[in-house]
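My entries follow in the order in which I made them.

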Amino acid sequence: KVDAMTVSTTFTTQDMRAAILHHLTYTMGKDADHATTYDWRMALSFAVRDRIVDGWFASTRKSYEAGAKRVYYLSMEFLIGRLLQDGLVNLRLLDDACEALTALGLDPWQVISNEPDAALGNGGLGRLAACFLESLSSLGVPAHGYGIRYEHGLFRQSFVDGRQVELPETWLQQHHAWEFERPEARYRIGFGGDARDAGWDPAEAVIAAAYDTPIVGWQGRWANTLRLWAAKPVEAFDLDSFNRGDFVGAATPEAMARTISRVLYPDDTTEIGKELRLKQEYFFTAASLADILRRFEMEHGDLRKLPEKVAIQLNDTHPAIAGPELVRLLHDDNGIPFDEAMDLARSTLGYTNHTLLPEALERWSDHLFGRLLPRHLEIIDRIDQAHRATYPSSSVTIREPGVVKMGELSFVMAHRVNGVSALHTELMKSTVFKELNALHPDRIVNETNGVTPRRWLLSSNPRLASLITERIGEDWVGDLEQLSRLEEHVGDAGFLSAYAEAKRANKADLAAWIEAEHGIALDPAMMFDVQIKRLHEYKRQHLNILEAIALWQAIRAAPDADWTPRVKIFAGKAAPGYHFAKDIIRLINDVAEVVNADPVTRDKLKIVFLPNYNVTLAERLIPASDLSEQISTAGKEASGTGNMKFALNGALTIGTLDGANVEIRERVGEENFFLFGMTADEVVARRKIKDHAAKAIAVDPRLAAALAAVRDGTFCAEEPDRYAHIVQNLSGPDYFLVSSDFTDYWRAQREVDAAYRDADGWTRMAARNTVRSGWFSSDRTIRGYMADVWGAEPVI
Ligand code: 26Y
């Protein structure tokens, strides 16, 4: 019996070269003399994919043989990035592939980086789903990811005169090397029409068509499936209209159907495109549930055993319609009594909450909801009634006049509800789900997020990975907590200098790349201070740029003082309709232009905003960072996962007591973390103080001067009022308490400066961050979900 592991380890450089040439010839139809980088990249991808497929089949076979419980992860977003390097690393074929490509006269990294970054997600929630899939495969848990095959992922960002411009993302314009179309897996998904007693006559329908991508785990021992749904018309086109000469009319049904999977919503805050978004949510949830029940009935038959064999996880409320849809399938379509159907659905479903921001908790107008999903609205009413009948003294409702509340619906229809960091989970209990938690005290559990060490250390930081492996062997890759075995090496001068050298070399690589791509020269000896994440007021990129302005002013006032040179690197996208966030981007770009051109401060302070932040850029930046900016208003960032990637790669955090920062600090040690700012409780109290922002500005002349420079046009002489509204906000309402936290942030930043000047001390602190971050592996998180939520177990 040959399993994937033996295959991959016996696959030599020569085999690899032969496999690449085979696919170049017979799959791409090119000879080596005429092949483009794209052709070579596809040929290599197919050669690697071939190595995955046998293990993939073996995994499916083992799952059936074991009759194991399956985990289904339903998510509107999977931010998977590039898959070729991931596959090569997990199959341990990277060296062979590089040698084979070099022997063929190619630059391996040029070939590997030809792959587009699959950006089927907005940020943390989508990347978490991708890390979870990889961990589920590395652990050998039978699992499927279910989502949408967006034709266009998150928009491409570019800057014009410092302003964000959104361009369509086109990853599917090239063939997607990793997916398999499954023409046999198609479901009809209805919308609209009428609800009749225990039934539904939809007025329209589209087809959900399946595309499968194998997700291979560490060492190729297991592979799971990411199944993405594309929307297609029931009839290819309207032949009658076409024959009448109405070509546009003939194409309309197809265009309408395909619209559902056309584009990822880039907006996690505003109100646009509500109807289409609800259609997307129902479309992929209904298709996934139909597929799950089909597989279950084939394997087990008796639907009453569903919770025993199936665990379905809802990634936020986006698939919350799964509750009523599953009840509809069990009750309406299979005749199970309503209350029993509700219990079965609840025992099968788990719900993960990712935000406490009120504007991000989904609510639908019941008018829209009832028009698209009339039967589901009836079912929701019955769920609501049943819940109120059980808890007559409670005031919790799922429906309020005019609205359906998806958070409450998810809570009531899930047997476990989890937060994504310890603090966030506690805040869920005391704020948004306070009453529901009192009714169901065992339902809320915490599962602190994690990140996959394969992508976020082994693959993206090969220098540090090799150093670790040299010292403790390579078992850490599948068991990240083994990093603690390095603790004794942190006192060792040889280890520390090798650690520092890895970081220096990563910084030199990044500097060379930034110079080549963006024409900005950076000295790798400067501190690389990095804030990369979606733009949002609660994440406070504006606090960071205000501190940069104050620092610039301080350096100009005393140019000969002993400053610690640093470059502040930003990257991140703003939702297209979130004007304030877009103005922060523009402000940062404007400040960068002035500061970078100042001969007085030039070699002490630089500011760079890199366009089009994505997974690939994160993989480049994080290993080269010294300082990780995690500066959200306490109580607002549910967890963060970038914060973990930075700590693991030896960047020190400057941060607030928010999200998983709290747990990072506990683990790496408070002496290896730069803490500042108000706590979540202090934030709430501070907001109640009248004129809190004005008061903070009055006692801090640095803050006052920085705001004055923004206000008087220092960074936008041609339009001095450009940022008046930002200054007005930060001097008045300042909901996110930028002004109130500024003074302490400045203090902490000067501590950072002093610490960085002690190079050995800094390296020791950085190394301690790496050594103590093993707990933040998504393998640990997945084990937590298995034990607390899913009741599932690995099959290998
Ligand atoms: C309502 C809809 C348009 C919507 C779309 C995307 C709402 C929210 C989102 C995305 C949320 C998100 O990415 N949340 C992040 O989830 C991470 C993983 O748990 C957390 O680490 C992070 O703190 C949180 O902001």
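I took the domain bounds as they come from an automatic or database domain assignment. On that basis I have the protein chain divided into domain 1 (180-209 + 227-447) and domain 2 (458-780). I note that this is a predicted model, in which local features need pLDDT of at least 70 and side-chain atom pairs count only at pLDDT 80 or more, while totals for chains, interfaces and linings use all residues. Residues are numbered from 1 along each chain as its sequence is written.

Entry on the domains. Taken over C-alpha atoms, the centres of domain 1 and domain 2 are separated by 38 Å. I counted two residues as in contact if their C-beta atoms, placed from the backbone, lie within 7 Å, and found 17 residues of domain 1 in contact with 14 residues of domain 2. On the side of domain 1 that touches domain 2, helix 17 (residues 422-430) gives the most, with four residues; helices here are DSSP runs (H or I, at least four residues), numbered from the N terminus.

Entry on the core. A residue is buried if 20 or more other C-beta atoms lie within 10 Å of its own, exposed if 12 or fewer, and partly exposed in between, with C-beta atoms placed from the backbone. A nonpolar core is a set of buried Ala, Val, Leu, Ile, Met, Phe, Trp, Tyr and Cys residues joined through C-beta atoms within 7 Å. The largest such core has 231 residues, and Phe283, Ile549, Ile588 and Val591 have the most contacts inside it. Domain 1 and domain 2 both give residues to this core, so it lies between them.

Entry on positive phi. Most residues other than glycine have a negative phi, and I looked up two residues that depart from this. Asp691 has a phi near 55° and lies in the loop between helix 27 (680-687) and helix 28 (692-698). Leu737, with a phi near 60°, lies in the loop between helix 30 (724-731) and helix 31 (738-757). Which of the labels, buried or exposed, does Asp691 get? Asp691 counts as exposed because it has 12 C-beta neighbours inside 10 Å, whereas Leu737 counts as buried with 24 C-beta neighbours inside 10 Å.

Terms used. Helices (H or I, at least four residues) and strands (E, at least two) are DSSP runs, numbered from the N terminus.
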